[in-house]
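Please find below my notes on this entry, arranged as numbered points for your own check against the coordinates.

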Amino acid sequence: MTRLVRYLPVLDWGRSYTGAQMSSDLIAALVVTIMLIPQSLAYALLAGLPPEAGIYASVAPILLYAVFGTSRVLAVGPVAVVSLMTAVAVGQVAEQGTMGYALAALSLAMLSGALLVAMGLLKLGFLANFLSHPVIAGFITASGVLIAASQLKHILGVPAQGHTLLEIAASLAGLIPDTNLLALVIGGGATAFLFWVRRGLKPLLRRIGLPAALSDVAVKAGPVAAVVATTWLVQAYELNARGVAIVGEIPQSLPPLTLPSFSPELLQALFVPALLISVIGFVESISVAQTLAARKRQRIDPDQELIGLGAANLGAAFSGGFPVTGGFARSVVNYDAGAETPAAGAFTAIGLGAAALYLTPLVHFLPKATLAATIITAVLSLVDFSILKRTWVYSKADFTAVAVTIAMTLALGVEAGVSAGVLMSLLLHLYKTSRPHVAEVGRVPGTEHFRNINRHKVETSPGLLSLRIDESLYFVNARFLETLVLDRLARDKDLRNVVLMCSAVNEIDYSALENLEAINLRLKEQGIGLHLSEVKGPVMDRLQKTHFLDDLNGRVYLSQFQAWKDLAAAG
């Protein structure tokens with residue numbers, strides 16, 4: 001049973017589900033559903049798919065995540081960045097608006113889901129750690145700019161194209177004379193209204209005495225108000241006949257049962273984009289889930305989250321959707337609205353299913369400019385160029401990674417940007433660990449503590465060199481340590497003993513072991529003792545399986561202070 005609960009978390013929280021929790025979940029589901037209806041339509045537009053695909057991608061995935069996911073409040077569905085990546089990936093293999101395009105989107109969701117489930121079963125959740133937070137922040141910032149720029153064509157009412165900032169800007173510049181003024185007024189007005197709703201509506205409602213809870217609901221319903229007002233405007237004045245692009249007819253039905261393409265050629269073409277979408281989606285989702293879970297002292301299982309998100313994407317693939325993940329904004333709304341369990345997501349799915357059945361005729365005249373305004377206001381809140389300033393002040397290496405990621409994403413597109421980000425993260429990790437911090441330490445007078453001689457007033461012994469290694473030793477940095485020790489010996493002919501303080505060394509791989517053997521041999525030839533101190537148990541266990549300790553030209557000390565007492569006097 002324990003193993004079953006591990007893979008089906010619904011059996012854990014479902015057994016103790018109460019009426020009070022249901023009441024809280026229903027209220028949260030109502031708020032999130034109101035928010036998701038226009039948002040789902042908008043993200044389908046961003047992905048280059050029919051509007052109903054956004055609703056379809058928000059029903060089955062939410063239900064499946066409620067069964068397999070471990071977060072109590074994560075809201076799964078279409079998100080801006082993944083929708084943009086979907087448009088880019090699918091646009092490379094099919095023409096937008098064709099059956100092949102929709103079929104490729106289903107296959108992309110299937111591939112992403114299969115990859116996520118496989119990673120979860122193989123417990124590969126740790127791989128997401130190789131994508132550093134600064135790189136993710138830079139990628140999301142650049143993606144936000146790209147997404148906002150890509151939606152300007154709907155605001156202006158022109159058929160602009162392009163997947164990079166330069167392509168989009170050039171296309172828009174050439175089409176400015178063809179701007180549809182009515183679309184511009186509707187889109188511009190909706191954008192201004194939505195920005196005001198985000199920043200000015202709640203303070204206004206609070207000033208006139210409306211309770212905080214109702215004020216929050218009114219703010220979340222802002223996009224719905226924009227949809228209702230602009231839809232009525234277009235229908236009442238027949239603005240669609242004057243060039244204002246509208247959503248048009250949306251099927252009045254529940255998500256259909258669909259079958260992705262299993263064409264080897266298509267799956268091969270979509271494999272890398274699916275992998276990138278899976279990694280980005282998982283990193284974004286797990287960050288939100290862990291942040292919200294920490295507030296309630298709940299636990300998130302990263303490997304099971306992979307399975308939950310994988311199941312959600314497989315659900316999208318077989319129900320007319322496209323790739324999905326956990327969304328930051330809607331998850332925060334779900335949390336703030338009082339969601340207690342994943343059942344809130346299931347109730348949200350029911351609400352969206354009802355909307356698909358009964359409300360879709362009402363959005364026939366919904367202008368695409370309004371959906372574009374919804375996307376722009378949502379993604380610009382993700383744009384944070386201050387990450388450049390913060391990383392510049394703190395770490396030039398992290399600044400370089402962020403700057404490269406932003407530049408590559410804007411100049412070459414999202415796939416190149418995230419690929420560059422992953423590569424930069426790995427290269428920076430290798431660079432940093434290839435040059436570990438090694439400090440020469442001395443004894444703090446009157447204590448048993450040892451500190452860096454360049455930072456503290458410490459005691460040293462003329463014939464003793466104590467080096468504290470602040471990094472695990474492996475093939476990348478092993479030769480660096482050997483070179484450092486031998487260079488230091490060349491500068492000081494009076495040294496008689498060298499102590500490597502290993503308190504921060506968690507691992508010594510075989511390459512590093514060979515370098516330690518080489519250091520030991522060189523020092524032995526010169527009549528200099530090589531000693532180790534404060535070696536951790538797991539590291540010592542591995543060293544004891546080799547002949548290194550037998551050949552060691554010195555001793556292994558339990559503490560650096562013991563080494564100091566023995567060797568300082570001898571030196």
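1. At 1.5 Å a residue, the 16 residues of α13 should span 22 Å, and the end C-alpha atoms of α13 lie 23 Å apart, which agrees. The expected span of a helix is taken as 1.5 Å times one less than its number of residues, and helices (H or I, at least four residues) and strands (E, at least two) are DSSP runs numbered from the N terminus.

2. This is a predicted model, in which local features need pLDDT of at least 70 and side-chain atom pairs count only at pLDDT 80 or more, while totals for chains, interfaces and linings use all residues. Residues are numbered from 1 along each chain as its sequence is written, and side-chain values use heavy atoms, with hydrogens and water left out.

3. The buried residues of α13 are Gly 222, Pro 223, Ala 226, Val 227, Thr 230, Thr 231 and Val 234, where buried means under 20% relative accessible area, exposed over 50% and partly exposed in between (1.4 Å probe, protein chains only). Seen down the axis of α13, these residues fall within an arc of 155°, so they line one face of the helix; the arc is that of the directions from the helix axis to the C-beta atoms. An α-helix has 3.6 residues a turn, so residues three or four places apart point the same way.

4. The elements that cover the buried residues of α13 include α3 (19–46), α11 (181–207), α12 (212–220) and α18 (368–380), with contact meaning heavy atoms within 4.5 Å. On the face of α13 turned away from its buried side are the exposed residues Val 228 and Trp 232.

5. Just after α13, Glu 238 takes a positive phi of about 50°, and Glu 238 sits in the loop between α13 (222–237) and α14 (264–295). Glu 238 is exposed, with a relative accessible area of 54%. Most residues other than glycine have a negative phi.

6. Glu 534, also not a glycine, has a positive phi of about 55° and belongs to the loop between β7 (529–533) and α24 (537–543). Glu 534 is partly exposed, its relative accessible area being 26%.

7. In α22, the residues Ala 478, Leu 481, Glu 482, Val 485, Leu 486, Arg 488 and Leu 489 are buried, and they cover an arc of only 160° around the axis, which puts them on the same side of α22. They pack against β3 (438–443), β5 (464–469), β6 (497–501) and α23 (510–525), whereas the face of α22 turned away from its buried side carries the exposed residues Arg 479 and Arg 491.
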